[in-house]
Amino acid sequence: MKKYFMMFGAAGLLAGFLMIAGCGDDSTISATGTTVTTAAATTTTAGATTTTAGATTTTAGGTTTTAAATTTTAAVTTTTGATTTTTTTTTTAGAVTVPVTATNAVPYNAASGAVTFTITPTTTFTYNVAGFAAGDKITFGAGTAVGVTNTSATDGIIDVIGTLNGNAVTVHLTGVAVASDGAIFGVNSFNTAFGAGSLLP
Ligand SMILES: [Ca+2]
């Protein structure tokens with residue numbers, strides 16, 4: 001019995017190593033690109049075999065002597081080509097869609113790229129976003145009443161409030177560029193400042 005446990009133990013250990021090796025392969029895939037490594041092609045050429053018949057010598061006395069045949073085999077030749085690594089990088093400018101469903105203590109950094117926040121208010125909470133700029137979007141679900149509150153034109157803070165069925169989600173923007181902050185008074189001017197469709201509906 002002990003021998004079986006040892007065998008299964010060894011098999012489990014081997015499976016573990018293979019799983020770890022598999023995880024290692026994943027690390028070659030980056031967030032922005034895919035790296036494909038093509039193994040070097042190996043060509044094996046068998047050595048040529050040359051057989052030389054033994055010479056036959058007949059003496060005057062009628063004796064025939066045949067030397068042993070000689071077989072010569074050349075060495076096996078193995079040629080290994082260079083490893084080819086191809087890296088494909090896809091640039092998406094950080095475009096990402098963020099479903100907003102609950103409050104967040106740490107503001108989402110919209111400056112990381114083109115971010116679309118999608119919100120259908122089913123409860124009341126405040127969602128913090130820093131660095132909102134042109135290219136970013138706030139999209140509320142159909143039927144949501146949307147309003148904009150901007151109490152100071154110079155503090156870089158704008159509150160976008162979406163209300164649906166009595167549930168109000170406030171998107172609290174901080175770090176808004178002063179030029180944009182001073183030009184936003186409502187939904188229409190918000191769309192003018194950050195681009196058409198930056199605040200829907
Ligand atoms: Ca403001």
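How many bridges join β14 to strand β15, and do they run parallel or antiparallel? I looked this up before anything else. Five bridges join the two, and the strands run antiparallel. β15 covers residues 158–164, and in it Gly162 sits opposite Val146.

A note to myself: this is a predicted model. Mean pLDDT for the protein is 80, with 78% of residues at 70 or more. Over residues 4–32 pLDDT stays under 50, and there the model has seven contacts beyond four places in sequence. Where pLDDT is low, the predicted coordinates should not be read in detail, so I left that stretch alone.

Next, the sheet. I find five strands in an open sheet, ordered β10-β12-β16-β15-β14, and the pairing is mixed. Its edge strands are β10 (108–109) and β14 (145–149), each of which pairs on one side only.

Then the core. The largest nonpolar core has 23 residues, and Phe117, Val129, Val160, Val171 and Leu173 have the most contacts inside it. At least two of its residues come from each of β11 (115–119), β12 (125–130), β13 (137–140), β15, β16 (167–174) and α3 (187–194). I picked out Val171: leaving aside neighbours within four places in sequence, it is in contact with Phe117, Tyr127, Val129, Ile138 and Val160.

Two backbone details to finish. Asn165, in the loop between β15 and β16, has a positive phi of about 55° although it is not a glycine. I count Asn165 as exposed, because 10 other C-beta atoms lie within 10 Å. Leu200 and Pro201 are joined by a cis peptide bond, with omega about -5°. Pro201 lies in the segment after β17 (199–200).

Conventions
Residues are numbered from 1 along each chain as its sequence is written. This is a predicted model: local features need pLDDT of at least 70, side-chain atom pairs count only at pLDDT 80 or more; totals for chains, interfaces and linings use all residues. Two strands pair if DSSP finds at least two bridges between them. Helices (H or I, at least four residues) and strands (E, at least two) are DSSP runs, numbered from the N terminus. A nonpolar core is a set of buried Ala, Val, Leu, Ile, Met, Phe, Trp, Tyr and Cys residues joined through C-beta atoms within 7 Å. A residue is buried if 20 or more other C-beta atoms lie within 10 Å of its own, exposed if 12 or fewer, and partly exposed in between; C-beta atoms are placed from the backbone. Two residues are in contact if their C-beta atoms, placed from the backbone, lie within 7 Å. pLDDT is the predictor's confidence in each residue, from 0 to 100.
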